[in-house]
Amino acid sequence: MPKVTGFNRKRVGHRNYLATLENPPTAEDEYGQTTYASGTWTAAVQSWPCELVDVSGGEIIDGMMTKSATEKVAIGDKAQIDAANITSQSRCIIDGKTYGITAIRDVSGDGYTMRVELRSTK
């Protein structure tokens with residue numbers, strides 16, 4: 001089925017938060033395997049406009065079930081995120097609060113909107 005061209009996609013929700021996504025410091029061990037070391041986290045994405053939604057786990061948002069560890073969901077445009085560089089080992093900082101990432105998904109499957117599931121680190 002061909003894609004519809006010229007379709008005016010409307011954004012849903014308010015992008016009223018700015019998130020910073022950071023990757024952990026890594027090193028290689030003597031076997032060439034990646035290990036997570038202590039040190040400075042590197043920013044993969046800065047000032048990502050997103051919407052922050054509270055969930056209690058098990059709720060269905062955007063047609064997908066959230067994980068039980070998920071407490072919040074950040075939804076925003078994919079244009080600024082390279083999803084290949086963000087993993088569940090990364091972290092997200094919104095309004096000075098640090099969250100761990102439980103999952104990252106392309107909501108619509110067409111590369112427009114990313115959904116980042118978050119959990120509190122403390």
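What follows is a short walk through this structure, from the overall fold to a few individual residues. The model is a predicted one, in which local features need pLDDT of at least 70 and side-chain atom pairs count only at pLDDT 80 or more, while totals for chains, interfaces and linings use all residues. Residues are numbered from 1 along each chain as its sequence is written, and side-chain values use heavy atoms, with hydrogens and water left out.

Let's start with the fold. The protein chain has ten strands and zero helices, and along the sequence its pattern reads β-β-β-β-β-β-β-β-β-β. Both element types are DSSP runs numbered from the N terminus, with helices being H or I of at least four residues and strands being E of at least two.

Of the 122 residues, 30% count as buried, meaning under 20% relative accessible area, as against exposed at over 50% and partly exposed in between (1.4 Å probe, protein chains only).

Now for the cysteines. The whole structure holds zero disulfides, a disulfide being a pair of cysteine sulfur atoms within 2.5 Å. For C50, the nearest cysteine sulfur is that of C92, 6.2 Å away. Likewise, C92 is in no disulfide and has the sulfur of C50 as its nearest. C50 counts as buried because its relative accessibility is 0%, and C92 is buried too, with a relative accessible area of 0%.

S90 counts as buried because its relative accessibility is 3%. Which side chain does the side chain of S90 meet in a polar contact? The partner is N23, at 2.6 Å; a polar contact is a pair of N or O atoms within 3.5 Å, where within protein one must be able to donate a hydrogen and the other to accept it, and residues adjacent in sequence count only if both atoms are side-chain atoms. Leaving aside neighbours within four places in sequence, S90 also has W41 among its contacts. Over the face of W41 lies R91, at 4.1 Å from the ring centre.

Methods. Lys NZ or Arg CZ within 6 Å of the ring centre and 35° of its normal. Contact = heavy atoms within 4.5 Å.
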